[in-house]
Amino acid sequence: MESTFKKYLILFLTFFKIGLFTFGGGYAMIPLIQQEVTDKKKWMRAEEVADIIAISEATPGPLSINAATYVGYRVAGVLGTIFATIGLVIPSFVIIFIISLFLDQFMQIEIINHAFMGIKAAVALLVIMGSFISIKAWKKILSLSLFSSSRSLYRSSSAF
């Protein structure tokens, strides 16, 4: 029982950290998700994460939330999806809620404006890195799809 709870807690904290330290949305989170899931936790192989990213892009909803949901399910089943998804969402929700309370005063602080300029540059880099991972995943799906289509076409033409 304790090891099961520990698995849920680790899943929650992993995605909480990703949600807390990533600015820029789903594509900016892809490199961090891949690093945490494959390199640090070794829950999955890089190819599996690429598949999850491709599926997350193809399904409705935010990419990062879909990815957290799929990883959570693979690692710990249905409850894993809940822990991973809530872990990912809570930091953004809390931060945006607090910022909304003090937005006018917050944006008048000069250091905050400078920090946001730096964050924009970092987000651009993370999105580019996420795009490369996404392109790899789509190449794989496209090649599998073309192979499957050509095989079906070959089978149907040899029937004549």
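Contact here means that heavy atoms lie within 4.5 Å of each other. With that idea in hand, let's walk through the structure above. This is a predicted model, in which local features need pLDDT of at least 70, side-chain atom pairs count only at pLDDT 80 or more, and totals for chains, interfaces and linings use all residues. Residues are numbered from 1 along each chain as its sequence is written, and side-chain values use heavy atoms, with hydrogens and water left out.

**The whole chain**

The chain has 6 helices and 0 strands, so its pattern along the sequence reads α-α-α-α-α-α, where helices (H or I, at least four residues) and strands (E, at least two) are DSSP runs numbered from the N terminus. Of the 160 residues, 31% are buried; that word means under 20% relative accessible area, while exposed means over 50% and partly exposed covers what is in between (1.4 Å probe, protein chains only). The chain exposes about 10400 Å², and carbon and sulfur atoms supply 71% of that area, as found by the Shrake-Rupley method with a 1.4 Å probe. Among contacts between residues at least 6 apart in sequence, 57% join residues at least 24 apart.

**Where H2 meets H3**

Which residues of H2 and H3 meet? From H2 come Tyr 27, Ile 30, Gln 34, Val 37 and Thr 38, and from H3 come Ala 46, Val 49, Ile 53 and Glu 57. These residues divide into 6 nonpolar, 2 polar and 1 charged. For this count, Ala, Val, Leu, Ile, Met, Phe, Trp, Tyr, Cys and Pro are nonpolar, Asp, Glu, Lys and Arg are charged, and the others, Gly among them, are polar. The axes of H2 (residues 26–40) and H3 (residues 46–58) come within 10 Å and cross at roughly 150°. Axes are lines fitted to C-alpha atoms, for helices over the stretch in contact, with angles from 0 to 180 degrees between N-to-C directions.

Lys 42 sits in the loop between H2 and H3. Its relative accessible area is 62%, which is why Lys 42 counts as exposed. Lys 42 has a positive phi of about 55° although it is not a glycine. Most residues other than glycine have a negative phi.

Gly 24 belongs to the loop between H1 (2–21) and H2. Leaving out residues up to four places away in sequence, Gly 24 touches Val 123 and Val 127. Leu 126, in H6 (residues 110–158), touches Tyr 27, Ala 28 and Pro 31, with the neighbours up to four places away again left out. Two C-alpha pairs show how sequence and space can differ:

| Pair | Apart in sequence | C-alpha to C-alpha |
|---|---|---|
| Gly 24 and Ala 122 | 98 residues | 8.8 Å |
| Leu 126 and Pro 31 | 95 residues | 7.1 Å |

Is Ser 64 buried or exposed? Ser 64 lies in H4 (residues 63–101) and counts as buried because its relative accessibility is 8%. Neighbours within four places aside, Ser 64 is in contact with Gly 26, Met 29 and Leu 88.

Asn 66 is also found in H4, and its 12% relative accessibility makes it buried. A polar atom of the Asn 66 side chain lies 3.2 Å from the backbone oxygen of Ser 56, and this side chain reaches the backbone oxygen of Pro 60 at 3.2 Å. Apart from neighbours within four places in sequence, Asn 66 is in contact with Ser 56, Thr 59, Pro 60 and Gly 61.

How values were computed
A polar contact is a pair of N or O atoms within 3.5 Å; within protein, one must be able to donate a hydrogen and the other to accept it, and residues adjacent in sequence count only if both atoms are side-chain atoms.
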